[in-house]
Amino acid sequence: MSTEGRRTLDSRVRAVAGENFWNTMPLGPDGVRVVMTDGPHGVRRQVGGGDALDLEDAYPATCFPTASALSSTWDRDLLGRVGEALGVEAAALGVHVLLGPGMNIKRHPLCGRNFEYFSEDPLLSGTLAASLVRGIQSTGTGATLKHFAVNNQESFRYSVDAVLDERTLRELYLRGFEIAVRESEPWMVMCSYNSVNGTTASCNRTLLTSILREEWGFDGVVVSDWAATGPRAEALKAGLDLEMPGSELNTGELLRDTERDAVTAFALDRAVTRLDTLAEKVSTHVENTGIDANTIAKHDALAAEAAAAGAVLLTNDGTLPIDTSGSLGVIGEFAESPRYQGAGSSRINSARLTSLRDALGERDIAHLFAPGYDAARPDARDERKLAEAVAVARGCETVVLVAGLPAAAESEGVDRTSFALPQQQLDLIEAVTSVNPRTIVFLCNGSPVDMGWASTTPPAAIVEAYLGGQAGGYAIANILFGDAEPSGRLAESVPERLSDLLADPWFPGSIRQVQHREGVSVGYRHHATAGPAARFPFGYGLGYGSTEWSDFSLSATTVTPADVRWGTTTPTVYAKVRNTGGRPRRECIQVYLADAREVASPARVLAGFTSVDTAPGEEVSVEVEVSADAFHVYSPRQERWVCPPGEVIVQVGRNSADIVWESRVDVAGSDSPEGVTDERVLGAADDAGFAALLGRSIPSPRPARPFTRDSTIAEIQMSKLAGLVLPRLLRAVASRAGEKGESNQLLESAMREFPLRSLASASGGKVSWKIVDAALVVLNRLP
Ligand code: BGC
């Protein structure tokens, strides 16, 4: 090859890997370095060169409520406005593309990253993700859907293979991504670390090319999750365009492979073209000038609005909202030092932070305060703190008790180990409610907790406030005094106990495999079909005031399936909502489909929703569109989406367990139900059933020996002499990270669970493939 040709090839190979942690190499005609950063609910623009694992040192930006709270708003418009705000802040901080939203399905309440995800339902996740993406991209900033796909746990996330049947994959785990890709045209999609049905996501051609591009029409850039790239040429050919962060190791290997293999060379050119197109989209972008004071103030108000709109009123004996005349006791350390976001890559250096006590102070509301518990030592019982809190509770007319999960419980990189609130807080809730029945509990957590106490020692009211972002304190105060309605509806079920969940015995699996034996029976799909009922069902939320719903009808009673699933709406559900209370109320009208065709399916599945604001006495006409897609099911045998003929019941609900109206529609059509009648998609009872559902024998997890580049530290540590060869790798990576508080958990889990491949590429060139492969030879010879 000529020198010129060689230089060109070199620069093209370099173009498909990041220059550092956050930048691409110069791309496009103008040589733009595309700057990316997290994230989903705020911009984490790292201070400094951005070539470190540091998770904490970032420019100030607005910390919006995390995805659990945003999704509970069920409000497309609000998500759009939050997206727009994120896009504006990204541009002000010199960021071209945000690495969010995260939109994996909440398969189990203990997934450590649930706070970053929207819902257990793909229609809700996909629709809200699309709104957020459209909002972000309307400002000229790009958005990234992540983590594609079936990344529903933090344990073993770098090594686990998700084994699931094709119908469940399509209808539950991919459908949200499909909706968001089709509706919002995101600039990027990020592949996950895990494998799906035997192939690591970064090298999964079926996912990254056949489905994402060829079926859904995605035309943006596929980026790796950070250090998730498998063998580089294989990944490139499968459809992974950009490796982040870049690594000399993979770049060197890719250069050799490209010279040898025409298919790799072709894939390289394709990826470079896509990256150049991305660079052209961003080339008008600006410098990091910081976010101006007006924007910070405006976005703080938006964050407060979103936090209240996403807060879910779970119980209320009429105590809420309160007036300001009576004496008020405030209990709980989180009322003073709020729990408002999760740990890990989404962590924001909040531009502002308002606790409930700050918000009360701004309103001049006198109150007594007791911390009640020690959030940093959740398991230690503190008699003095408990007694202080009880004294406050006794002395005040109304008590606000702010409880929640300790910060360390909810982090990227680790799953939660317990469903319960810390014992300290359970004791506190019991003691306080028993001396003061006018106790209102606000919960601050990113994912459901065991709420047995809601029936054994019921407080006057419970508000699930989630992780409300920097202005969560304002939201709680506004909800308390009725200046804002906690108008959220649960985007996830709150089960009575984990053992009620079909997925529970199979979560999180083991280091090399997680089996999805529950099929599509996740969340309300299971509660509504085979029970037991959830403590608080999907879609549930009381809000303030009251409404009556009437005049239901459908735009059609026959559905003629369109040849294409997308772009048609059929039928529309009409209803009237009359505000019968004395105050404004936001209502959420949910439409479910109960399939009565010859199709195995859950009792009901969400098919559409609309939120509407009503003033006292007002009657509002509501329309809920149901997409033709909702009538389709995926047939693995026919290898396509099908719409068999028969009866489907359209149901209107206040939540997934409270259906207020239903009507039948006849689906006309000639699709065969072949491949969609197997009831085992609702849960396979035994090995044989799961194998039948998979259509193949259950794969054995990859054996730990022989060790390969994909072996994890935890696997290798099982070998006796591993201690002699591993420290160098670990030191190299650790030296790139600073002192981290909560982020340590992420780093520690990475050190344990990273495959050698990722560790080597994250070592910044300090460890070569030669060292890794030589170490492997030695390790494999040893017992
Ligand atoms: C996370 C991604 C994140 C990336 C960059 C990864 O560990 O899984 O969600 O965008 O780091 O911070």
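These legends describe close-up views of one predicted model.

Numbering starts at 1 along each chain as its sequence is written. In this predicted model, local features need pLDDT of at least 70, side-chain atom pairs count only at pLDDT 80 or more, totals for chains, interfaces and linings use all residues, and side-chain values use heavy atoms, with hydrogens and water left out.

**View 1. Confidence along the chain.** The average pLDDT (the predictor's confidence in each residue, from 0 to 100) is 93 for the chain. A score of at least 70 is reached by 94% of the residues. Residues 1-6 stay under 50. The model gives residues 1-6 four contacts (heavy atoms within 4.5 Å) beyond four places in sequence. Residues 737-741 are also below 50, and this stretch has seven contacts beyond near neighbours in sequence.

View 2. The assignment, automatic or from a database, gives domain 1 (3-281), domain 2 (293-515), domain 3 (543-694) and domain 4 (713-781). The C-alpha centres of domain 1 and domain 3 are 31 Å apart. In domain 1, 21 residues are in contact with 25 residues of domain 3.

**View 3. The largest pocket.** Its volume is about 460 Å³. The search runs on a 1 Å grid over the protein atoms alone; a pocket is an open set of points with protein on both sides within 12 Å along at least five of seven lines, a cavity is a set where a 1.4 Å probe fits but cannot get out, and lining residues have an atom within 4 Å of a point. Grid points are joined across faces, edges and corners, and a volume is the space filled by probe spheres set on the points. The lining of the largest pocket has 27 residues. Closest to its centre are Ser-159, Ser-195, Thr-200, Arg-512 and Asp-710. Strand E8 (199-200) and helix H21 (756-762) each supply at least two lining residues. Helices (H or I, at least four residues) and strands (E, at least two) are DSSP runs, numbered from the N terminus. Domain 1 and domain 4 each provide at least three residues of this lining. By class, the lining has 10 nonpolar, 11 polar and six charged residues. Here Ala, Val, Leu, Ile, Met, Phe, Trp, Tyr, Cys and Pro count as nonpolar, Asp, Glu, Lys and Arg as charged, and the others, Gly among them, as polar.

**View 4. The second largest cavity.** The whole structure holds eight cavities of 30 Å³ or more. Of its 19 lining residues, Glu-171, Val-605, Ala-630, His-632 and Val-633 are the closest to the centre. Helix H5 (166-184), strand E20 (585-595) and strand E21 (605-614) each give two or more residues to this lining. H5 gives the most, with three. The lining divides into 10 nonpolar, two polar and seven charged residues. Both domain 1 and domain 3 give residues to it, so this cavity lies between them.

**View 5. Glu-84 in helix H3.** H3 covers residues 76-92. Glu-84 has a relative accessible area of 41%, so this residue is partly exposed. With a 1.4 Å probe and protein chains only, buried means under 20%, exposed over 50% and partly exposed in between. Beyond four places in sequence, Glu-84 touches Gly-135, Ile-136, Ser-138 and Thr-139. Thr-141 is 57 residues away along the chain, with its C-alpha 9.0 Å from that of Glu-84.

View 6. In H6 (residues 205-215), the buried residues are Leu-207, Leu-208, Thr-209, Ile-211, Leu-212 and Arg-213.

**View 7. Ala-684 in a loop.** This loop runs between strand E26 (658-667) and helix H17 (687-694). Ala-684 is buried, at 12% relative accessibility. Leaving aside neighbours within four places, Ala-684 is in contact with Arg-517, Gly-689 and Phe-690. Arg-517 is 167 residues away along the chain, yet the two C-alpha atoms are separated by 5.5 Å.

View 8. A cis bond, with omega near 0 degrees, runs from Lys-146 to His-147. His-147 is in strand E4 (residues 144-148). Another cis bond joins Leu-320 and Pro-321, with omega about -10 degrees. Pro-321 lies in the loop between strands E10 (312-316) and E11 (328-331). Val-150, a residue other than glycine, has a positive phi near 55 degrees. Val-150 sits between E4 and strand E5 (161-163) in a loop, and is buried at 5% relative accessible area. Asp-551 also has a positive phi near 55 degrees. Asp-551 belongs to strand E17 (residues 547-554) and is partly exposed, at 48%.
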